[in-house]
Amino acid sequence: MNPQQFFRGLIDEVVSEIASKYFENEEEILELSAAQQTNELAGDVMATSVDHILSKCKKATLMLLMKEYVDDDEDSESNITLQAMRDLLHSIFMEKGIDASLSVLSLDVIRDVGKSLRVETECDKDTLLGNINNKSFEVALEKFFTVHFNDRDLKKWIETIHDVKVLSSSKKRLVKVLLTGQDESPKPRSRPPPTSDKVSKEKPDIKAGIVKEDLDYWYYVKDLKSFCLDNEVTMEGTKKNDLIHSILAHLSEDPEEYRKKRKREEEEEAAAKKQKLEEEAAMYEEMHSSESNEGESYEASGASDISLDGSLEDDE
């Protein structure tokens, strides 16, 4: 199934979900039937797909298309701007479809269009047209979902549709997962063994009772941020340690008391660190002073063996 067929089928299944993100207000949704909503949503993506292809076509390619579809004389064609050509051809592509509109060109010219879109071009004409069509539609879907869905909502929605766990948060990869049902994102890096015996042997859920060591070992910063956003946790900072304590405060019975306790612990830790630095500085000063005194004593003892004329005195 190509992306267009998939997207139209997807809209038919969950049109209300997509429409709620696409239309500006509920009145617009209520005024249109499900079929009308589907057509408008699919038309929006199709228009973006056509725009993408025409933007990649060279002037010579556009001129060939103009000669094929627009009944005009050569002088007016030579004076027309690129944007004017794209505007004229846009309505033709929307009416005829991308494959049919490009099929009037020679295979070599279509290959040039394919190369500009970075698709496989060493194939027969029908396959090449399908590659161009699918690639432009993927780009259009990415733009559509970028405008109307945030990454987190889209990720959750795709996981519900396909019943898969999605690792990626990139719009491009999310659209790939939406179309294929498979996530080919790089797998998370392997973790080194824990350095604390407080870390659980298996990854625990984030809920009351979880300890700081588990949050630090099992969860990345993006996971902690996502939990904070999903659960309306007040974030005390964006660093990992701040996020961990924000979550622990949120999960505690008395968040305010937890924050006060943490502040006291931080002050005590800072005081202990300061005291240790002062002790180390004093120890260094004492050692330096002792070495200096030994050097002066050695110089004094050496000077007593030298006569006024600089020669060494013999011991009697």
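**Salt bridges**

Modeller: The model is a predicted one, and a search of the whole structure finds seven salt bridges.

Colleague: Why is the pairing of D216 and K240 called a salt bridge?

Modeller: The N to O distance between the side chains of D216 and K240 is 3.6 Å. The cut-off is 4 Å, so the pair qualifies. In general, side chains of opposite charge can pair when their charged atoms come close.

Colleague: What makes this a link between distant parts of the chain?

Modeller: D216 is in helix α12 (residues 212-218) and K240 is in helix α14, 24 residues apart.

Colleague: Are D216 and K240 buried, exposed or partly exposed, and how do you know that?

Modeller: D216 has a relative accessible area of 42%, and K240 has 24%. Buried needs under 20% and exposed needs over 50%, so values in between count as partly exposed. D216 is therefore partly exposed, and K240 is partly exposed too.

Colleague: How do you know that E236 and R259 form a salt bridge?

Modeller: Their closest N and O atoms are 2.9 Å apart, and the limit is 4 Å. E236 lies in the loop between α13 (221-230) and α14, while R259 is in helix α15 (residues 255-303), so the pair ties together parts that are 23 residues apart in sequence. E236 is partly exposed at 35%, as is R259 at 28%.

Colleague: Which residues are linked in a network of salt bridges?

Modeller: The network links E236, D242, E256, R259, R262 and E266.

**Rings**

Colleague: How many aromatic pairs are there?

Modeller: The count comes to one aromatic pair. The ring centres of Y217 and W218 are 5.0 Å apart, and the limit for a pair is 6.5 Å.

Colleague: Why is that pair called edge-to-face?

Modeller: The planes of the two rings stand at 90°. Edge-to-face needs over 60 degrees, so the name applies. Y217, at 18% relative accessibility, counts as buried, and W218 is buried at 14%.

Colleague: What makes you say that the charged end of K203 sits over the ring of Y219?

Modeller: One part of the test is distance: the charged end of K203 is 4.5 Å from the centre of the Y219 ring, and the limit is 6 Å.

**Cores and confidence**

Colleague: Which residues have the most contacts inside the largest nonpolar core?

Modeller: That core has 27 residues, and those with the most contacts inside it are I53, L89, F93, I98, L102 and I132. Several helices each supply at least two of its residues, among them α3 (34-56), α6 (82-96) and α9 (125-148). A second, separate core of 17 residues includes A140, V166, V175 and V177.

Colleague: Which helix has the lowest mean pLDDT, and which the highest?

Modeller: Helix α5 (residues 74-79) has the lowest, at 56, and helix α14 (residues 240-251) the highest, at 93. Where pLDDT is low, the predicted coordinates should not be read in detail. The protein chain averages 79, and 75% of the residues score at least 70.

Conventions:
Residues are numbered from 1 along each chain as its sequence is written. This is a predicted model: local features need pLDDT of at least 70, side-chain atom pairs count only at pLDDT 80 or more; totals for chains, interfaces and linings use all residues. Side-chain values use heavy atoms; hydrogens and water are left out. Rings of Phe, Tyr and Trp (its six-membered ring) pair if their centres lie within 6.5 Å; planes under 30 degrees apart count as stacked, over 60 as edge-to-face and the rest as tilted. Buried means under 20% relative accessible area, exposed over 50%, partly exposed in between (1.4 Å probe, protein chains only). A charge sits over a ring if NZ of Lys or CZ of Arg is within 6 Å of the ring centre and within 35 degrees of the ring normal. A nonpolar core is a set of buried Ala, Val, Leu, Ile, Met, Phe, Trp, Tyr and Cys residues joined through side-chain atoms within 4.5 Å. Helices (H or I, at least four residues) and strands (E, at least two) are DSSP runs, numbered from the N terminus. pLDDT is the predictor's confidence in each residue, from 0 to 100.
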